[in-house]
Amino acid sequence: MYGWHLRILRVNLTSHKVTTEDVDPKIARDYLGGRGWAIHYLYKEMDPMADPLSPDNILIFATGPLTATPAPTGNRYMVVTKSPLTGALAHSNSGGEFPTWMKRTGFDMFIFEGKSSEPVYVFVNEDQIEVRSAAHVWGKDVHETTDILKAETSADARVACIGQAGENLALMAAIMNDKHRAAARSGVGAVMGSKNLKAVVAMGKKNPKLYDSAKMISLSVDTSKNVGADVKKGSNMRIYGTSYVPQVTNTLGILPTRNFLQGTFEGVNNIDGDALKNQYLIRHTPCYRCPLSCGRLTEVPDGPYKGKGEGPEYETISSLGTGCGVSNLAALVKANYLCNEYGMDTITTGMTIAAAMEMYEKGYISEEIIGMPLKFGDHDAMIEMIRKMAYREGFGNDLAQGSYRLAEKYGHPEIAVTTRKQEFPGYDPRGSQGMGLLYATSNKGASHMEGDVAYEEVFGVPVKENPLTTEGKPELVKHFEDSFALMDSSGLCVFVAIRYAFNKDRMILPQRLAEMMNFSTGAGYTPEEALKAAERVYNLERMFLLKAGSTEDTLPHRMLHEPLPDGPAKGKVVELDKMLPEFYKLRGWDEKGVPTKEKLEELGLPL
Amino acid sequence: MMIHVKLIANYREALPPEAKNGVVELDVPDGTTVYEAISRFDIPLDDTSVIVLNGLTVDMSTPLKEGDMVTAFSAIAGG
């Protein structure tokens, strides 16, 4: 077989028994790879009502058919499991180097079941697979753990691990790979912690065989040249990473500010891409085989926030920065480093602290409970809260449950800006209506990565849509959701794969992505079939969600009932009622958002 | 009348030295359109750029008013 190895590694952490199995080629083709394969196995093998932090949850690492191929950015993996933050599906994506190294073990996917009685890590070097004690790294942060495990295995190995936040089951815990890259969202690190699985260490030389190597290389070179031309013209992504985005969203009035109380931030010039580039940027740090290179190594050389690491990216600036009203760049950079070291999702971390700040300022939570004042803009308090969350110390234990549970506990659920209990990313949907529909319907709770229509509403890719209108948005959201399911299943990064998902005139067939999948696998997808397979994946994820009991597609109070007070979108709320019925109709779902029998039959899914 | 033009990120290289935080103030004749204002700068005026007026999506032929802000940035996936 080509592209895929068609082999899965299964590790039962309760018994430490390791088995391998083959994948049915029809399943491989129908579910694409990566995210698609993972939901197929998760749906088949686990009770969606299982407690996500119990041994009954299943944790899946999945690469795609373009991972470890010459495809530009063909270096992504997905972590798929049931989320302890949302109670819904989690699928979190990451790059770096680990995904390619993982696939070179000769397995496309790792499945972790059960729970080890003692801390362990799993070492995979092709067919040498060992469950080893992790007692000596338990309690250590991501950087130390990575260094120690590489030293005792091989400099050629790559490490994905949790930090203290995952060990302590903080619900915003991430799985970090290559120290700085994160499968961040939905508390996947807490699932890993609940299994006493500290790390996965992978290495090998088994690159997947390609069906048509020459054509794959030719298409890859062509794509890299296109990206290179952008870079030559001065691509923002190469120069700034995503840190240029705060100026864009601030201009449109959708920059989350002070827990979404505002859509513009007066201190944006202090924490934008230019400030970061001029003060702390050392160099670009691309993921493996990425021509775009949006990652960046930074250093705060001295002072109280001294440190060195990667970031911040836009989503960190809009959560730990503007979300918390923080305009001190050095403190924000330091907060990012700490999240990476403890292993925490910066979005949920930042927006949970932001919710706590609002509750403190409104007198809903006292200084006595928190242990210190917690005003918006207090960057030192923010940094202290991150530490407390990672260790679940004092008030940090409340914060470690995320903003939904925090606001509910203190009697003000209207403060939490979440869907399915997951915090919003950096686009206020009151000024970006399509994003509102996306957050409301997303199978994994609020997430831009479920189908980022901000590409059109905000960034003009491939065409600029008016973000304040609702017309045409249901169709746009559906197409982006399916396209993201395809990109996430392929093993490419969306920043480059988006080139294959659309043409300039927004021809909605992923012609080039299907070609690339075919050069890798020989599966002979037509663009229609590839998109249909992605729709199959999306609908199966929906079925998992419904069986997990998370049924209502809605938005939090602030988005539906509190108009934006400032900026270009002043006076707007999300007009969800205008979009939701049409969206359900386009999806082939009933009026409650449940896939109809006809839709399931059309997609070949179990009834 | 006086208007403002703001260029974001890599487009800032097209600004004159007196610009502050990417913003420059311009004295333009009455009736100047969004297109005419932004044409003064060396940036692409095709679908590789996003141009908004006071943060809103408008037709490029929209005439400007005193105090308006025209903003432009490169259309590229982000976030």
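Predicted model: local features only at pLDDT ≥ 70, side-chain atom pairs only at ≥ 80, totals over all residues.
User: What makes a set of residues a nonpolar core, and which residues have the most contacts inside the largest one?

Analyst: A nonpolar core is a set of buried Ala, Val, Leu, Ile, Met, Phe, Trp, Tyr and Cys residues joined through C-beta atoms within 7 Å. Buried means that 20 or more other C-beta atoms lie within 10 Å of a residue's own; 12 or fewer means exposed, in between is partly exposed, and C-beta atoms are placed from the backbone. The largest core has 216 residues, and those with the most contacts inside it include A:Ala38, A:Ile60 and A:Met382. Helix α23 (residues 527-547) of chain A gives the largest share of this core, 10 residues. Helices (H or I, at least four residues) and strands (E, at least two) are DSSP runs, numbered from the N terminus.

User: Which residues does A:Met382 touch?

Analyst: Not counting residues up to four places away in sequence, A:Met382 touches A:Leu320, A:Cys324, A:Val326, A:Ala335 and A:Ile353. Touching, or contact, means C-beta atoms, placed from the backbone, within 7 Å.

User: Why are β13 and β15 of chain A at the edges of their sheet?

Analyst: Three strands form an open antiparallel sheet in the order β13-β14-β15 of chain A. β13 (281-284) and β15 (307-310) of chain A each have a single partner strand, so one side of each is left without a neighbour in the sheet.

User: How do you know that β13(A) and β14 of chain A pair?

Analyst: Pairing needs at least two bridges found by DSSP. β13(A) and β14 (residues 296-300) of chain A have three, in the antiparallel sense, so they meet that definition. A:Arg283 stands opposite A:Leu297 in β14(A).

User: What does the radius of gyration say about chain B?

Analyst: This radius is taken over C-alpha atoms, and the globule rule is 2.2 Å times the number of residues to the power 0.38. For 79 residues a compact globule would have a radius near 12 Å; chain B has 12 Å, so the two agree. Chain B has one helix and four strands, following the pattern β-β-α-β-β along the sequence.

Notes. Residues numbered from 1 in each chain as written. Chains lettered and ligands numbered in written order. Contact = placed C-beta atoms within 7 Å.
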